[in-house]
Amino acid sequence: MDKSQNASYQAGQAKGQAQEKAGNLADKANNAAQSAKESCQEAGQQMKAKAQGACDAVKDKVGANK
């Protein structure tokens with residue numbers, strides 16, 4: 001293998017490694033976004049449940065929950 005072929009091979013190796021790293025970073029970013037989405041949805045459900053509980057408590061207090 002001459003110097004030109006070796007340089008081309010090395011460039012190809014570097015390109016492949018860079019593409020693999022970019023793919024891994026994209027996967028990690030996607031996983032982080034999905035996790036954040038799920039956390040927000042869970043927090044929203046908890047807030048909704050608490051608000052419903054507070055509403056029911058007020059209705060019970062004023063006798064409107066019959």
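Predicted model: local features only at pLDDT ≥ 70, side-chain atom pairs only at ≥ 80, totals over all residues.

Trainee: Okay, so how many helices and strands does the protein chain have?
Mentor: One helix and zero strands. The radius of gyration is 28 Å, well over the 11 Å that the globule rule gives for 66 residues, so the protein chain is more spread out than a compact globule.

Trainee: What box do the C-alpha atoms fill?
Mentor: Roughly 90 × 10 × 5 Å along the principal axes.

Trainee: And which residues make up H1?
Mentor: Residues 3-62, which is 60 residues. From first C-alpha to last, H1 reaches 88 Å, close to the 88 Å expected at 1.5 Å a residue.

Trainee: What's going on at the ends of H1?
Mentor: Aspartate 2 caps the N-terminal end, with a side-chain oxygen 3.2 Å from the backbone nitrogen of serine 4. Just after H1, glycine 63 has a positive phi of about 75 degrees.

Trainee: How far is alanine 29 from lysine 48?
Mentor: Their C-alpha atoms are separated by 28 Å, and the two residues are 19 apart along the chain.

Trainee: What about the surface and the charges?
Mentor: The accessible surface of the protein chain comes to about 5900 Å², and carbon and sulfur atoms account for 54% of that. As for charge, there are 10 positive and 7 negative side chains, with the centres of the two sets 6 Å apart.

Notes
Residues numbered from 1 in each chain as written. Heavy atoms only, no water. Helix = DSSP H or I, 4+ residues; strand = E, 2+ residues; numbered from the N terminus. Expected span 1.5 Å × (residues − 1). Polar contact = N/O pair within 3.5 Å; in protein donor to acceptor, adjacent residues only side chain to side chain. Rg over C-alpha atoms; globule rule 2.2 N^0.38 Å. Areas by Shrake-Rupley, 256 points an atom, 1.4 Å probe, with all protein chains shown as cover. Lys, Arg positive; Asp, Glu negative; His and termini not counted. Charge placed at Lys NZ, Arg CZ, Asp CG, Glu CD.
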